[in-house]
Amino acid sequence: MFSEFDKNAMARALALGARGLETTDPNPRVGCVIARGERIVGEGWHERAGEAHAEVAALRAAGSQAVGATAYVTLEPCAHQGRTAPCTLALTGARVTRVVYAVGDPNPQVNGKGAEALRAAGMTVQAGLMEREARELNAGFFKRMLSGRPFVRLKLAMSLDGRSALANGASQWITGEAAREDVQAWRARSSVVLTGVGTVLLDDPQLTVRLPSAGGERRQPLRVVLDTHLRTNPVARLLGEGGEVLILTALGALDETRAAALSARGARVETLPAAGERLELPAVLERLGELEANEVLVEAGATLAGEFLRQGLADELLLYVAPRLLGPDARALVALPQLTELKEAPAFTLLESIRLGDDLRLRLQPRAAAA
């Protein structure tokens, strides 16, 4: 069905789409290649929301050579008017005769309508080339469009004996510089970096992306603090730093004075339902979905991390393993209910293993999510 050139062209489109990994939010990351025969005549990718989509950028690069050409796109071309005109109109206007896309767009405003419009214009349309890779590039966008919730990555760091900090709470730094820089890259691609108030009080983190920007001002993810009783200190370091801060607290227990003090430092305070001493995590994720968050990176302590796992709300784990031992009295990686049978233990599928300096980073998928 697809030639070797088709596969190479789509692989190139995926590589182009990945250039928008840190910048397209809340839009999907999309790449496009225009080819006449087996010669590429135009390339493009979506760089930022509100700017040209990948197809338009590639068609501009191709110019008149787009007539009679094939367009390879990583996501079904849009057929609706948003902040930019429909890509289907751009493709038909350029007189492209064939469109190959990797995966259908889950956005209800598109979802098959793009392919239908192209076929109605007389084009040959083929789908499904490198679909798995295209879905992975936009895992968060797909999750939000299909469920209303963002894709959740849980970042954890531990010693060889599965401990996250010394008994006194000291944890800086378990891992080395290369691993910490890798975490920065995951922050940079995320819509949200989420933590709990316990981490804010204990570590006073900034949770910003400190990597240099390739061009222009760096987009900072929304930093979200789950704070049931609004204990965040108004002089916490994450307030007043670059980017927005959202503090979620319990519905019906809002301390207006403390909320005003936090708002004065630039934080936005919102209330959500709570169950006992904890905010309801499904409600948290639904709110972040409403805010168009595609990917959430959770950097939290053992209690909150354990709740994401216990409730089956983590889609992926980033586990950094340092070659050191902290001993039996050091703090556990996550807080989970006591197990009585081994079959009750959460299980994971290893997706990737990468060495970072002396440390190891494992990317894992919960078995329930995989199923």
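Tutor: Leu230 lies in the loop between strand 9 and strand 10 (245-250), where strands (E, at least two residues) and helices (H or I, at least four) are DSSP runs numbered from the N terminus. This is a predicted model, in which local features need pLDDT of at least 70 and side-chain atom pairs count only at pLDDT 80 or more, while totals for chains, interfaces and linings use all residues. Residues are numbered from 1 along each chain as its sequence is written, and side-chain values use heavy atoms, with hydrogens and water left out.

The phi of Leu230 is near 55°, a positive value in a residue other than glycine. Most residues other than glycine have a negative phi, and most peptide bonds are trans. Leu230 counts as buried because its relative accessibility is 1%; buried means under 20% relative accessible area, exposed over 50%, and partly exposed in between, with a 1.4 Å probe and protein chains only.

Leu207 can be read alongside it, with a positive phi near 65°. Leu207 is found in the loop between helix 8 (197-203) and strand 9 (222-226), and it is buried, with a relative accessible area of 4%. Another backbone feature is the cis peptide bond joining Asp25 and Pro26, with omega about 5°; Pro26 lies in the loop between helix 1 (4-17) and strand 1.

Burial can also be followed along a helix. In helix 2 (residues 54-62) the buried residues are Ala54, Glu55, Ala58, Leu59 and Ala62. These residues lie on the same side of helix 2, because they cover an arc of only 125° around the axis, the arc being that of the directions from the helix axis to the C-beta atoms. Their cover includes strand 1 (31-36), strand 2 (39-45), strand 3 (70-73) and helix 3 (87-93).

A buried residue within a strand is Leu317, in strand 15 (residues 316-321), which counts as buried at 5% relative accessibility. Leaving aside residues up to four places away in sequence, Leu317 touches Leu154, Leu156, Leu309, Phe348, Leu362, Arg363, Leu364 and Pro366, contact meaning heavy atoms within 4.5 Å. Leu317 and Val152 are 165 residues apart in sequence, yet their C-alpha atoms are 8.6 Å apart. Gly37, by contrast, sits in the loop between strand 1 and strand 2 and counts as exposed at 61% relative accessibility; its C-alpha is 62 Å from that of Ala330, 293 residues away in sequence.

For the chain as a whole, there are twelve helices and 18 strands, and 47% of its 371 residues count as buried. Of the contacts with a separation of 6 or more, 71% join residues 24 or more positions apart. The C-alpha trace spans about 70 × 45 × 40 Å along its principal axes.
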